[in-house]
Amino acid sequence: MSSPLLEVNGLKTYFPVRGGVFMTATAVCKAVDDVALEVGAGETLGLVGESGCGKSTLGRSIVRLLRPQAGSVVFDGTDLVKLGRRELKGVRRELQMIFQDPADSLNSRHSVAKILEEPYVVHKVGTEKDRKELVHALLAKVGLPETSLDRFPFEFSGGQRQRIGIARAIALDPKLVVCDEPVSALDVSIQSQILNLMLELQKDLGLSYLFISHDLAVVKHVSDRIAIMYLGKIVETAGADDVYERPKHPYTQALIAAIPAPDPTKRSGFQVLEGDVPSPIDPPTGCHFHPRCPHAEDRCRTEVPTLREVAAPGEQAHTVACHFDL
Ligand code: SF4
């Protein structure tokens, strides 16, 4: 990848954990801990991990809904971490977010017409007449009828609401959309409609996606490359097919083992994961995955593994944070 559209390096988003009578900070939750990743123009990077691994916090830190404590988020040549509120407003035209539950992100007291016109009003785009035309075009792009304009979000199904959320996200022709579990709350049949819509829009508008999900099967369907996240850290990155067919990290292998196989005789053979993700307030020492890892050795309890390249020369990049070649 020559020059990535998004380049994240050393990103840390920590939260103080407060307690006691005076609510003093008693601990630190390291939700995102020294993360690096890249997304190219027109590319989809899938970001996968169990609930509580920090992937949503990472997405929100990238679009600066949260303020990271350290690191850089270079988007189209500008480090967003260094920007103030006013400068961020300009960048937000090109960097948008789709949320898991559009019901939470759409103002239930506003009609669809008002919701979709708002980005144009905020960014002072066109006259009132121009904005009406733009809103009509947006509806067509996401496959909603014009009769939707006077209705309110609660009058729509989950899939239709997500179409409204997507329409709002693409209103200002962004370059990158961070999608936080965009289909997790939808029925399976609706999921594929929304995913296909997102793929069509990507092709038509040249969008890049950072696609966050706990579901590796969904992510594989839409991603060019995949990053696997565990307890605030990226533990493996590779091309989508490589992650699926040649996973190197025991955590990735366990996620693949958890995908239901259509033919039970053709299971992956990897060990299914047991137990929950440990707390990021008090993560395990060494490799954070060691209490759940079937391959853990003494070294894993004390030494933190860093991401290292495991692809052969000439192959697509494949990095893994594990002390061993498994
Ligand atoms: Fe498992 Fe050790 Fe590798 Fe961590 S470093 S994934 S504990 S083998």
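Trainee: Contact here means heavy atoms within 4.5 Å, so which residues of H6 meet which ones in H7?

Mentor: Gly159, Gln162, Arg163, Ile166 and Ile170 of H6 meet Ile190, Gln193, Ile194, Leu197, Met198, Leu201 and Leu205 of H7. Bear in mind that this is a predicted model, where local features need pLDDT of at least 70, side-chain atom pairs count only at pLDDT 80 or more, and totals for chains, interfaces and linings use all residues. Residues are numbered from 1 along each chain as its sequence is written, and side-chain values use heavy atoms, leaving out hydrogens and water.

Trainee: Okay, and at what angle do H6 and H7 pack?

Mentor: Helix H6 (residues 158-170) and H7 pack at about 15 degrees, with their axes 10 Å apart. Axes are lines fitted to C-alpha atoms, for helices over the stretch in contact, with angles from 0 to 180 degrees between N-to-C directions. That makes H6 roughly parallel to H7. The cut-offs are under 35 degrees for roughly parallel, over 145 for roughly antiparallel, 65 to 115 for roughly perpendicular, and oblique for the rest.

Trainee: Which strands does H7 lie across?

Mentor: Helix H7 (residues 188-205) lies across strand S3 (44-48), S6, strand S7 (176-180) and strand S8 (208-213). Relative to S8, H7 runs at about 160 degrees. The H and S labels are DSSP runs numbered from the N terminus: helices (H or I) have at least four residues and strands (E) at least two.

Trainee: What order do the 8 strands of the open sheet come in?

Mentor: Follow S6-S7-S8-S3-S9-S10-S12-S11, an open sheet with mixed pairing. Strand S6 (95-98) and strand S11 (308-309) are at the edges with a single partner strand each, so one side of each has no neighbour in the sheet. Two strands pair if DSSP finds at least two bridges between them.

Trainee: How many bridges do S10 and S12 have, then?

Mentor: Strand S10 (residues 233-239) and strand S12 (residues 319-320) pair over 2 bridges, in the antiparallel sense. Look for glutamate 236, which stands opposite valine 320 in S12.

Trainee: New topic: which strands make up the open sheet with 4 strands?

Mentor: That sheet goes S2-S1-S4-S5, and the pairing is antiparallel. S2 and strand S5 (78-79) sit at the edges, each with a single partner strand, so one side of each lacks a neighbour in the sheet.

Trainee: How many residues lie between S1 and S2 in their hairpin?

Mentor: There are 4 residues between them, and glycine 20 in the turn has a positive phi of about 80 degrees. Strand S1 (residues 6-19) and strand S2 (residues 24-39) pair over 12 bridges in the antiparallel sense. Lysine 12, for instance, stands opposite aspartate 33 in S2.

Trainee: And how many bridges join S1 to S4?

Mentor: S1 and strand S4 (residues 70-75) run antiparallel and are joined by 5 bridges. Asparagine 9 has serine 72 in S4 as its bridge partner.

Trainee: Which helix lies across S1, S2 and S4?

Mentor: Helix H1 (residues 55-62) does, running at about 115 degrees to S1.

Trainee: Back to helix pairs. How far apart are the axes of H4 and H5?

Mentor: The axes of helix H4 (residues 112-122) and helix H5 (residues 128-141) are 9 Å apart, and the helices pack at about 120 degrees. H4 and H5 are therefore oblique to each other. On the H4 side you'll find Val112, Ala113, Leu116, Glu117, Tyr120 and Val121, which meet Glu128, Arg131, Leu134, Val135, Leu138 and Leu139 in H5.

Trainee: At what angle do the axes of H4 and H6 cross?

Mentor: They cross at roughly 25 degrees and come within 8 Å. H4 and H6 are therefore roughly parallel to each other. Val112, Ile115, Leu116 and Pro119 of H4 make the contact with Ile164, Ala167 and Arg168 of H6.

Trainee: Last one: how many aromatic pairs are there?

Mentor: The count is 4. Tyrosine 230 and phenylalanine 289 have ring centres 5.0 Å apart and planes at 85 degrees, so they form an edge-to-face pair. Tyrosine 230 is in strand S9 (residues 225-230) and phenylalanine 289 is in the loop between helix H10 (250-257) and S11, so the pair ties together parts 59 residues apart in sequence. Rings of Phe, Tyr and Trp (its six-membered ring) pair if their centres lie within 6.5 Å; planes under 30 degrees apart count as stacked, over 60 as edge-to-face and the rest as tilted.

Technical notes: Contact means heavy atoms within 4.5 Å.
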